[in-house]
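Let's take a friendly look at this structure together.

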Amino acid sequence: MKYACVIDDGNFKAFGDLARQAEDAGWDAIFIADAICIETKDTPAYEWFDPWVVLAVMAARTERIQLGTMITPVSRRRPWKLAREVATLDQLSGGRMILCVGLGAASDDGGFCKVGEQMDLKVRAELLDEGLEIVAGLWKGKPFSLAGKHYKVDKMTMLPRPLQKPRVPIWVVGVWPKEKSMRRAVNWDGVIMQKYGAAPGDKDRPEDVRALKEYVSAMRTRKSPFDIAVQLFSEGAKQAGPKGAGKDRSRARDEAAALADAGATWLMEHFLSAKDPKSFERWIRQGPPR
């Protein structure tokens, strides 16, 4: 199993330094939140930074670690612009990009609900599907056309194509065990597991991961590699591990091992410490729970 650290909060100015520290500490990937303005009745707005600018800085400061967003809501993007941005970053990083996509937290993100973006879940799902088809089609570097319900592309050739072949890996949020959501995810290169009905910060359970892996094996027709990414969360300035693990990193390793045995190929660990950047840096430097 590989291990990624996720920057959910936006108070960290030294993004290049953080990426370098993560690479030196043995993390396999670092992901940046793709949000514009998350605020609710209980959560005031705080700092967010453009993920594409941040990832360019990180790419320039690192050599090995993979890079990506967590997650990009495709429905509020122009797919051809998204394809260009990710391909550029893949070239800049030497082929280290991962594109993580989903429907987006429309009701909480002012980048949806406060600026007139599409809020209907069904329509956003249609935009996601067509958008991914366009992104993947343009990445082939050949004339591509699509006449969809929402988008039209007429024999567009986008060069240069991404450095990775056949393309930059696309991971899709899959709500387990919702059939429509899972069918979408298995058509791409990986699934970011989200248990239906789970509260924010809830742990992914090995038994759910095992069932999801069996579903993927039964439904996926492509022979190419497919990743199953699970998430663990940290909370509080003094905590340095998954939610509930506290300072005991050995417990984090036990939880990670159980998820790997169940079939997870990536663990994405979050650390929510925007008010204490030093504790975040300590968590990065201690490395993944291998």
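The count of disulfides here is 0, where a disulfide is a pair of cysteine sulfur atoms within 2.5 Å. Cys-5 is in no disulfide, and its nearest cysteine sulfur belongs to Cys-100, 13 Å away. Seen from Cys-100, the closest cysteine sulfur is that of Cys-5, and 13 Å is too far for a bond. This is a predicted model, in which local features need pLDDT of at least 70 and side-chain atom pairs count only at pLDDT 80 or more, while totals for chains, interfaces and linings use all residues. Residues are numbered from 1 along each chain as its sequence is written, and side-chain values use heavy atoms, leaving out hydrogens and water.

Are these cysteines buried or exposed? The table shows that each is buried (under 20% relative accessible area; exposed is over 50% and partly exposed lies in between, with a 1.4 Å probe and protein chains only).

| Residue | Relative accessible area |
|---|---|
| Cys-5 | 1%, buried |
| Cys-100 | 0%, buried |

Now for the helices. H7 covers residues 206-219 and H8 covers residues 249-262; they pack at an angle of about 25°, with their axes 8 Å apart. That makes H7 roughly parallel to H8, a label for angles under 35 degrees.

Which residues meet? Pro-206, Val-209, Arg-210 and Lys-213 in H7 meet Ala-258, Leu-259 and Ala-262 in H8, with contact meaning heavy atoms within 4.5 Å. The residues of this contact divide into 5 nonpolar, no polar and 2 charged.

Key. Axes are lines fitted to C-alpha atoms, for helices over the stretch in contact, and angles run from 0 to 180 degrees between N-to-C directions. Helices (H or I, at least four residues) and strands (E, at least two) are DSSP runs, numbered from the N terminus. Angles under 35 degrees count as roughly parallel, over 145 as roughly antiparallel, 65 to 115 as roughly perpendicular and the rest as oblique. Ala, Val, Leu, Ile, Met, Phe, Trp, Tyr, Cys and Pro count as nonpolar, Asp, Glu, Lys and Arg as charged, and the others, Gly among them, as polar.
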